[in-house]
Amino acid sequence: MAERQEQTVPDAVMTRIGQVVMLHHAGDREEARHRFLDLWAEIGEHGDPLHRCTLAHYLADTQDDPSDELAWDLRALTAAEELTDDRLAEHEGALAVRALYPSLHLNLAADYVKLDRTEAARTHLARARRAAGALGDDPYGDGVRAAISRLELRLGEESGGGWAPPRQRP
């Protein structure tokens, strides 16, 4: 009797999000923001947590106002808290839920730095550091850990400025 191999079913929404990410990375930030917002309107506040988490995480990058960026990153964190590893496993190449938290908290820390809310930044940076043990020993994990270290160094300095680490995506 042959063993049945499980295959993941392509997720059309995740595919569409990926297409808009490529548009954004190609430099069309404004169009990407509009397309992401259209997708958000389709998904809704109570849609699939994987879709909401991923979309909000990327939507934050397209915002001009740091307060708006923070709001989207908070939406991503809220959606991640509703995710299960089983749901993530349905999406090919997805991380475990716990591996999302270092990046989510890092991005929130960077948002708070931009808003001159140092204590909130330190709180989320500490959460990112504590969650970093869930990261793999791979380029993604190395990148998130390096960005956490850079922001830790930056927050340890006394001088001000508008520095923020590069955003890391799951």
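Trainee: What makes α2 roughly antiparallel to α3?

Mentor: In this predicted model, the axes of helix α2 (residues 29–43) and helix α3 (residues 49–61) come within 10 Å and cross at roughly 155°. Angles over 145 degrees count as roughly antiparallel, so α2 is roughly antiparallel to α3. The crossing of the two helices, α2 and α3, is left-handed.

Trainee: Which residues of α2 and α3 meet?

Mentor: From α2 there are Arg29, Arg33, Phe36, Leu37, Leu39, Trp40 and Ile43. From α3 there are His51, Arg52, Leu55, Ala56, Tyr58, Leu59 and Asp61. Sorted by class, this contact of α2 with α3 has 9 nonpolar, 1 polar and 4 charged residues.

Trainee: Why does Phe36 count as buried?

Mentor: Phe36, which lies in helix α2, has a relative accessibility of 0%. Buried means under 20%, so Phe36 counts as buried.

Trainee: What is Phe36 in contact with, leaving aside its neighbours within four places in sequence?

Mentor: Phe36 is in contact with Ile17, Val20, Val21, Leu55, Tyr58, Leu59 and Thr62.

Trainee: How do you know whether Thr54 is buried or exposed?

Mentor: Thr54 has its place in helix α3. Its relative accessibility is 15%. The limit for buried is under 20%, so Thr54 counts as buried. Not counting residues up to four places away in sequence, Thr54 touches Met14 and Ile17.

Trainee: Which residues make the contact of α3 with α4?

Mentor: On the α3 side they are Pro49, Arg52, Cys53, Ala56, His57, Leu59 and Ala60. On the α4 side they are Glu69, Trp72, Asp73, Arg75, Ala76, Ala79 and Ala80. The classes in the contact of α3 with α4 are 9 nonpolar, 1 polar and 4 charged residues.

Trainee: How do you know that the span of α6 agrees with its number of residues?

Mentor: Helix α6 (residues 101–114) has 14 residues, which at 1.5 Å a residue should span 20 Å. The end C-alpha atoms of α6 are 20 Å apart, so the two values agree.

Trainee: Why is α6 called largely enclosed by the rest of the structure?

Mentor: Of the 14 residues of α6, 13 are buried, so the helix is largely enclosed by the rest of the structure.

Trainee: What follows α6?

Mentor: Asp116 follows α6. Asp116 lies in the loop between α6 and α7 (118–131). Its phi is positive, about 55°, although Asp116 is not a glycine.

Trainee: Why is Asp116 called exposed?

Mentor: Its relative accessible area is 66%. Exposed means over 50%, so Asp116 is exposed.

Trainee: At what angle do α7 and α8 pack?

Mentor: The angle between α7 and α8 is about 150°, with their axes 10 Å apart. An angle over 145 degrees counts as roughly antiparallel. The crossing in which α7 passes α8 is left-handed.

Trainee: Which residues of α7 and α8 meet?

Mentor: Thr118, Ala121, Arg122, Leu125, Ala128 and Arg129 in α7 meet Arg145, Ile148, Ser149, Leu151, Glu152 and Leu155 in α8. By class, the contact of α7 with α8 has 6 nonpolar, 2 polar and 4 charged residues.

Trainee: Why is Arg154 called buried?

Mentor: Arg154 has its place in helix α8 (residues 139–156). Its relative accessible area is 13%. Buried means under 20%, so Arg154 is buried. Arg154 and Val113 are 41 residues apart in sequence, with a C-alpha to C-alpha separation of 9.8 Å.

Trainee: How many helices and strands does the chain have?

Mentor: The chain has 8 helices and 0 strands. Buried residues make up 44% of its 170 residues. Among contacts in the chain with a separation of 6 or more, residues 24 or more positions apart account for 60%.

Methods
Residues numbered from 1 in each chain as written. Predicted model: local features only at pLDDT ≥ 70, side-chain atom pairs only at ≥ 80, totals over all residues. Heavy atoms only, no water. Axes fitted to C-alpha atoms, helices over the stretch in contact; angles between N-to-C directions. Helix = DSSP H or I, 4+ residues; strand = E, 2+ residues; numbered from the N terminus. Parallel < 35°, antiparallel > 145°, perpendicular 65-115°, else oblique. Left-handed = near helix turned anticlockwise from the far one by under 90°. Contact = heavy atoms within 4.5 Å. Nonpolar A, V, L, I, M, F, W, Y, C, P; charged D, E, K, R; others polar. Buried < 20%, exposed > 50% of the residue type's maximum accessible area, 1.4 Å probe, protein only. Expected span 1.5 Å × (residues − 1).
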